[in-house]
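Please open the model in a viewer and follow the stops below in order. Each stop says what to select and what is there.

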Amino acid sequence: MAMNITRCFIALSAFLLGLGLIAPTLTIYPKAGELTWLIEILAPEELETSTYSIIGVIGKLYQLNDVFLALLLCLFSVMAPVSKLTLYWQACSLSFRPKEFNRLLKAVHYVGKFSMAEVFIIALIIVVVKSFPGGSTAQLEWGAYVFTTSVACSIIASIGLEKKG
Amino acid sequence: MTSISDFDAPKPPPWFGALVPFLIVLAAAGLYWFITAEQEEDQNYIDSNSEKKLSGSLIDGQTYYIFASEIEVFPTNLEDEGWDRGEKGPDIRYRILWKGNAVFESITKDDSLIADWSGLSIELNWKDLLGKSVSPDDVIKAARIRFEKNEKIEIIVKDVDIASDDDVGRHEILLNELSIGKNEIKLKKSTSNAIRNISLRILPVGSDLQDLAQIMN
């Protein structure tokens, strides 16, 4: 019974993760300080509001040849959460085999260290954008909250697994 | 007769279950993408309609703003001599004539072989424009004409001098040949023409400020 609830949380976390990766996460409002009004006339495209999803940010970084950051973000916000959920699910399946379950639980603990890394990455992006000159601002969109809820669900699932362990 | 029970049925490999979260992630992302793709299509349709508004042929009876955004003249005047006695470039100004009347006169661009004008007023405080607290008619520096088939406009270009203005050239344009947006007219040098190129811009009266700013600059 407990494992079924844990599985529900894993499935919910996976669903929210898929949504959170592709939904709007961050909107950047560029400004150019006192010259904003002039830039709006001369090059309005430079001041267009941009909304990105996490996948969109990764794509943008890759396009800008910032491969390292693109890979880092891909690792922490896509690969790590998916791997974590995969391991959690597998651990649920092996709950009736204590030896294998405990071995997998160790791996789960290891991957679980990345639990909040995804949120940290989003926070980092906001801090970077907020430090732009000219009053540029960034605002979180609903995708960020969906993504964070996904992380929270995965934490609850991991607690469920630990109890079983 | 044989029947396959749950015990006999082929069991998936143990790692198969691990694919479930991955598939859920893909399904959620795919679902969102499918829903938003339809909305984007609708948005693209609206955008393309907006673009259509800024292009295409002139419509009979419709009033338009028209101005020259750029006029290029040949390096020598009608007498094949240097402009302003070879000391400086020509001081260019143009007028638009419609139905025999001068309906617009530009400001003078000093010492230019390629003179350019914005269709938007330079006296305007740009902040007012951004705040959209002014009407397009207050902002636009262009002739207003009404399109009628086979109607013509004439552009007269002068080299402005203190004593008297010198002719640079004049050119009649059939309105049927023009379209909304940018129109390029290339001319040949002759004893009555020293204009090399005219860039005309046309926009329907009644367009909003955003469209005007886009096409006028």
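Start with E154(B), which counts as buried at 16% relative accessibility; buried means under 20% relative accessible area, exposed over 50% and partly exposed in between, with a 1.4 Å probe and protein chains only. This is a predicted model, in which local features need pLDDT of at least 70 and side-chain atom pairs count only at pLDDT 80 or more, while totals for chains, interfaces and linings use all residues. Residues are numbered from 1 along each chain as its sequence is written, chains are lettered from A and ligands numbered from 1 in the order in which they are written, and side-chain values use heavy atoms, leaving out hydrogens and water.

E154(B) sits in strand β6 of chain B (helices are DSSP runs of H or I of at least four residues, strands runs of E of at least two, numbered from the N terminus). Show R170(B) next: its side chain makes a polar contact of 2.8 Å with the side chain of E154(B). A polar contact is a pair of N or O atoms within 3.5 Å; within protein, one must be able to donate a hydrogen and the other to accept it, and residues adjacent in sequence count only if both atoms are side-chain atoms. Beyond four places in sequence, E154(B) is in contact (heavy atoms within 4.5 Å) with R95(B), I96(B), L97(B), R170(B), H171(B) and E172(B).

Move to E184(B), in strand β8 (residues 181–186) of chain B. E184(B) is partly exposed, with a relative accessible area of 42%. Its side chain makes polar contacts with the side chains of K182(B) (3.5 Å) and N197(B) (3.0 Å). Select E70(B) as well: its C-alpha atom is 9.4 Å from that of E184(B), although the two are 114 residues apart along the chain.

Now select I66(B), I71(B), Y94(B), I198(B) and L200(B), which touch the most other members of the largest nonpolar core, a set of 37 residues. Such a core consists of buried Ala, Val, Leu, Ile, Met, Phe, Trp, Tyr and Cys residues joined through side-chain atoms within 4.5 Å. Strand β1(B) gives the most to this core, with seven residues. Another core, of 30 residues, lies apart from it and includes I28(A), A91(A), F101(A) and L105(A).

Return to I71(B). Residues that I71(B) touches, beyond four places in sequence, include L113(B), W117(B), V157(B) and I195(B).
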